[in-house]
Amino acid sequence: MLSDKFRRQLRQEAEQWRTEGLIDDVVYEQLSQRYQFSEIEAAVRNRFVVILLGLGSVLLGLGVITFVAANWQELSRGLKVTLLLSGFVGANTAGFYLWRRPTEGWQRRLGEILLLLGALVLGANMALMSQMFHQSGLLYQLYLVWGLGVLAMAYCLRLTLLGMLSALLIGLGYLTFLWGSSDSGVTGELSWSQLMVQYMPVLGGLLFIPLAYWCRSRWIFRIALLAMVFSLEASLFRLNVLGSSAWISAIACGLPPALLWAYHDSLWNLGKIPPTAKSFDSIARTLAITFLSLLFYVLSFLGIWNTSSDFSVEVSSKLPLPLQIDILILSSLALWEWLRLLLLRRVNLTTSFVGMLIAISALVPYWHLSMGRNSAVAVLVFNLLLFLLSVGLIREGLAQGQRRLFWGGMLLLTLQIFSRMLEYNTDLLFKSLVLFLCGLGVIAAGLWFERYVRIIRG
């Protein structure tokens, strides 16, 4: 769908062409009908009305909330419940009525705003209801229940905005639990919320990846993958991966990129994705390269490998059962994905290169912690891996004419040189020379690449 900005500029150009005699009135009318010049001003008015209605609704809502809050203590419990439920049901009913209209006008956008308001009211109702009926609970539990409720609304309506709000709420609940708990609830009786947090590496995908396909939302898909990787790494980092058992460090370094790079849409879509729809595979592979870039850069510092650990092997080897299940499920899924690539003969040179980087990034920490702590060799290997990844990105950028890949590789390479220069004690004159040469190299490479892209696309 063409943007209003483009149509407005085209209308101005068409009027100028007609004035200069380049086109006649017939051609102008054909352009006007094709690009709907007459509806441009109406679209602007509709957006202005939506802004006014949204701002007015917010102010009215704040006024009602302030009035109710001022008289909250004097209201009876029944009246309180009635007000809370009326606000929730009214906002969602009005929002659903406007949202389901077939046209893409201001009514549908206003309906989305009201549905979002209803999702926010849901959390307020939960907090106030629990306070009125003296139901105690922790803050992270409120976020989780609120997020699950909004997630149910997102599945029913297939609305991307609600899906992203649900991911935000569940993420806040997860982070609140991590910050407020030192033992992750692995001892004593476990509640449903603690189990949900502990199984988040698996639940993150189960909850949000199907929704991403239903909504065809690339943002929800990114959030789902980030939730899986972040929760897994957070659980492993609480065991101090560079000071714990060797296989835990290998899993932390190798499992996320292996799982992301071999991902394919057919794992989740169940044949419901139209052939013309954009694939999500490229998003997963981009996140895999991003993870490897950050991993190689962090582990290229000598101070990381010389960090002492307060965890003993006996303590670190006692992995919580939920984390063991998470690792087993994700490892099995990653192994099946790579076997599927081999069976379908989808392993090209790039996949082989990335697979080699993943295998080395997992083997080096394992060797470092099991065979002997040789920090110099580990730092050398990861600096070499970072260099190879940078060169690989630059090569792919040149082959495909993609600026993002080329400049990503250049950024990694420059960052590696700059970091090594600052990390080690070198002469100030040498540092200035390196910075000067790096600047010249980046400028020369950028100008040459832009000229190269114009040639291959022209």
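A nonpolar core is a set of buried Ala, Val, Leu, Ile, Met, Phe, Trp, Tyr and Cys residues joined through side-chain atoms within 4.5 Å. Of the 85 residues in the largest such core here, Phe221 and Phe296 touch the most other members. The largest share of this core, 10 residues, is contributed by helix 12. This is a predicted model, in which local features need pLDDT of at least 70 and side-chain atom pairs count only at pLDDT 80 or more, while totals for chains, interfaces and linings use all residues. Residues are numbered from 1 along each chain as its sequence is written, and side-chain values use heavy atoms, with hydrogens and water left out.

**Overall architecture**

- The chain has 19 helices and 0 strands; helices (H or I, at least four residues) and strands (E, at least two) are DSSP runs, numbered from the N terminus.
- Buried residues make up 41% of the 458 residues in the chain, where buried means under 20% relative accessible area, exposed over 50% and partly exposed in between (1.4 Å probe, protein chains only).
- Of the contacts in the chain with a separation of 6 or more, 71% are accounted for by residues 24 or more positions apart; contact means heavy atoms within 4.5 Å.
- The accessible surface of the chain comes to about 26000 Å², of which 67% belongs to carbon and sulfur atoms; accessible areas come from the Shrake-Rupley method with a 1.4 Å probe, and for residues only the protein chains shown count as cover.

**Phe221 and the aromatic pairs**

- Phe221 counts as buried because its relative accessibility is 0%.
- Leaving aside neighbours within four places in sequence, Phe221 is in contact with Ile209, Ala212, Tyr213, Tyr263, Phe280, Ile283 and Ala284.
- A second, separate core of 7 residues includes Leu10, Ala14, Ile23 and Leu31.
- A search of the whole structure finds 12 aromatic pairs; rings of Phe, Tyr and Trp (its six-membered ring) pair if their centres lie within 6.5 Å, with planes under 30 degrees apart counted as stacked, over 60 as edge-to-face and the rest as tilted.
- One of these pairs joins Phe221 and Tyr263 in a tilted arrangement, 5.3 Å centre to centre with 50 degrees between the planes.
- This pair links distant parts of the chain, 42 residues apart: Phe221 is in helix 10 (residues 218-237), and Tyr263 is in the loop between helix 11 (246-261) and helix 12 (281-299).
- Tyr263 is buried, with a relative accessible area of 6%.
- Phe406 and Trp407 form an edge-to-face pair, 5.3 Å centre to centre with 80 degrees between the planes.
- Phe406 is buried at 3% relative accessible area, whereas Trp407 is partly exposed at 32%.
- Ring pairs also link Tyr213, Phe221, Tyr263 and Phe280 into a cluster.

**Arginine residues: rings and backbone**

- The charged end of Arg216 sits over the ring of Phe280, 4.6 Å from its centre; the criterion is NZ of Lys or CZ of Arg within 6 Å of the ring centre and within 35 degrees of the ring normal.
- The charged end of Arg18 sits over the ring of Tyr28, 3.9 Å from its centre.
- Most residues other than glycine have a negative phi.
- Arg216 has a positive phi of about 50 degrees although it is not a glycine; Arg216 is placed in the loop between helix 9 (200-215) and helix 10 and is partly exposed, with a relative accessible area of 30%.
- Arg158 also has a positive phi, near 55 degrees; Arg158 is in the loop between helix 6 (139-157) and helix 7 and is partly exposed at 47% relative accessible area.

**Helix 7**

- The 21 residues of helix 7 (residues 160-180) should span 30 Å at 1.5 Å a residue, and the end C-alpha atoms are 30 Å apart, which agrees; the expected span is 1.5 Å times one less than the number of residues.
- Among the buried residues of helix 7 are Leu162, Leu165, Leu169, Tyr174 and Phe177.

- Asp326, in helix 15 (residues 321-343), is buried with a relative accessible area of 0%.
- Beyond neighbours within four places in sequence, Asp326 is in contact with Gln198, Tyr199, Pro201 and Val202.
- Leu413 lies in helix 18 (residues 403-423) and, neighbours within four places in sequence aside, is in contact with Phe387, Ser390 and Ile394.
- Val442 lies in helix 19 (residues 428-457) and counts as partly exposed at 27% relative accessibility.
- Not counting residues up to four places away in sequence, Val442 touches Trp407, Met410 and Thr414.
- The C-alpha atoms of Val442 and Trp407, 35 residues apart along the chain, are separated by 9.4 Å.
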